[in-house]
Amino acid sequence: MTAAKTGAIGVIGAGAVGQGVAMLLAAGGWCESVRVVSRSGLSAQALVTDLEDMCQVIGSPVQPVHVIDAGQLLSCAAVVVCPRADFTNTARTNVRMAGLHANAPAIASLATTLAHYQGLVVMVTNPVDVMARLFAEVSGCPRVYGVGSNTDTARYRITLARLLDVPVEAVEGHVIGEHGDQAVLCASATRAGGLPVPVPVRQVRDELSARPGRINAGLGRTRCGPAGAVITALRAGLGLADTVVELSVNHEGRWMGIPLRFTAGTPTVCLPRLDAAEARQLVAGSAELRDAYEPLARLYAPACPSWKEKTAVTRTATRIATAAQAATVTSNSPVITDWALRYFGPWWNATSTTADDGPQVIADVNPDCVTEIAQRVADHAHEETVYANTSMLVAREDDGTVAASQPDDKLVYRIEPGGHLHIYGGEDVPVALAAARLAREVVRGQLLADGWSILHASAVVRDGQAVLTLGDKGAGKTTTALLLARAGWQMLANDRVFIRPDGDRLRVLPWPSAAALGLGLLDALGWYDQVRERVQRGEQLHPTQHQKVTNALHSGSRTPLWQESGKELKPQFFPDQLDTWFGLTLATEGDAAHILFPRITPDAEPALLDEGRTVQESDFFTVGSEDRYPDVFGLLPDKTPGTGPLLDLLGRLPRHRMTLGHDVKANTTVLQQIAA
């Protein structure tokens, strides 16, 4: 047997993975002892007895030891954390996230017991990325890693080798990000035999989803793969093997699986190059993990770092661009630039970048600036308006500088003539929301100056041809777009589009925004149950959603909710959730080819109507008619193009007026026939 090279290794949990880890440690012979602790003590004692038999049979020098308390592991070189709470996992998607609230109390308790432990901690308990972060932030331990992406990567290479009919050793590729449905296949950087290869992503994802199910169906739990991943992490982290291993770790404020190159126990990040779609998916997964963690942090973790600690972080930037126009969001918090990447990425070209010389929205977490600018606005003559449904105080100085304050959101703004727009707040998320809105306004101003107009319409695209749906509120614009998107069209927009003549073409661009889908519509489309399941697991919808809607989803209510003003309260989805939750493909541009004017009438049969309807001036948003985002900061041009040429071209397109009922199948059939 191999002579011992390190001291004791602690194993917390004697279930399927704990048994596999302890057995591999005992058989490996490179640690002095394996100390096992479990919740009841009976399983740990039984496992140690079994290990003693094995060590005697194979001649292993490793000593199995039963300990009754996790505090007795403080002297170990490393601790493996793999307990599992008693709960029934009925999730059909994101199954690893189902244990979030069941496992969190045990992990937080163990982290308190092992506070400031200086050895290596390897987290196995799911959802592993969230649990690793929870353990690290509650315990203060400096070296905490979560396994998961390592197993995902192994499965990826096995699957791809079989599909390409090459040896698995020839495949170089990684799976990173969340250990779950949002895992990122680094297909663009994958190599076989040192050469780029086409990756059949859908086939690979199907197999990666199916493998755990096959194991669970036959064995009840996955055990050997995760146990092997733990051993690899231990040997790398303890300096026993120099290797690259994918582990969940805190990287630039995000906890997720990334490749780490270990040399003598010291890790170096070695992320593969990602294409734009992979980068957006990584950010979306990171946001999902953050949203899952935040409720736990409020229960168990210490207070978040102050803004002064955050300002020491390297500034990050996200550039958003569409139709040759661009703006950059820069911040002292990666949460804010990640938000912009996630929000704009599916519809506009959003990429991580360094700050450039173009128009910038500088959005920082800085409570001192909030206090200073808010006081300055209050002390000077100011006007009051409503911006994004929140009261805003606006002061205009003699030199043209505009300063503004939104006291309810604890946000302030400042822009000098010809300068960049600055946003300051006390918390990440409110600043991120404001930065996304204002970055869109910066690009909006550029597009309007370049001849684009904004049409109140939803849009879907097939083969580059866009179907526009117009009508008043409640007419069915969003419903029509979603039904066609489910039937194979790409979703371009659900409420507004940018439109501009280009010769005889009418180019159409999306207006990135949260998608508001009513409770009744979700139910009719068959999406309500999966949305409710995700929300109950702790996944987050867009924060502009009213709390009454969140409460309704938790309680299972499908009854539409209304404000006193008559406006419906709806679930609010991030743009990327249209893809990741509902499987809708999003489009970035199209040419207007067809116009629909629906009217939803309960209990009616879907049918074409004889009366005509044309696009009118009132169907366009102008600076004067804008009801949600008035041009407080002078970001829009003084003059915008007239709609005459647009109305002429739109009047030449095929158009249909129709009645839709509440029968989803019948509506879809009619819409497909008309749109085609």
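The briefing that follows covers aromatic pairs and then a helix contact.

This is a predicted model, in which local features need pLDDT of at least 70 and side-chain atom pairs count only at pLDDT 80 or more, while totals for chains, interfaces and linings use all residues. Residues are numbered from 1 along each chain as its sequence is written, and side-chain values use heavy atoms, with hydrogens and water left out.

**Aromatic pairs**

- The structure holds 12 aromatic pairs, where rings of Phe, Tyr and Trp (its six-membered ring) pair if their centres lie within 6.5 Å, and planes under 30 degrees apart count as stacked, over 60 as edge-to-face and the rest as tilted.
- The ring centres of W339 and F574 are 5.2 Å apart with the planes at 70°, so this pair is edge-to-face.
- Because W339 lies in helix α10 (residues 334-344) and F574 in the loop between β33 (572-573) and α17 (575-580), the pair ties together parts that are 235 residues apart in sequence.
- Both W339 and F574 are buried (under 20% relative accessible area, with exposed over 50% and partly exposed in between, for a 1.4 Å probe and protein chains only).
- Y387 and Y629 also form an edge-to-face pair, at 5.8 Å centre to centre and 65° between the planes.

**Helix contact**

- The axes of helix α13 (residues 477-486) and helix α19 (residues 664-675) come within 9 Å and cross at roughly 80°, which means that α13 is roughly perpendicular to α19 (angles of 65 to 115 degrees; under 35 is roughly parallel, over 145 roughly antiparallel and the rest oblique).

Conventions
Axes fitted to C-alpha atoms, helices over the stretch in contact; angles between N-to-C directions. Helix = DSSP H or I, 4+ residues; strand = E, 2+ residues; numbered from the N terminus.
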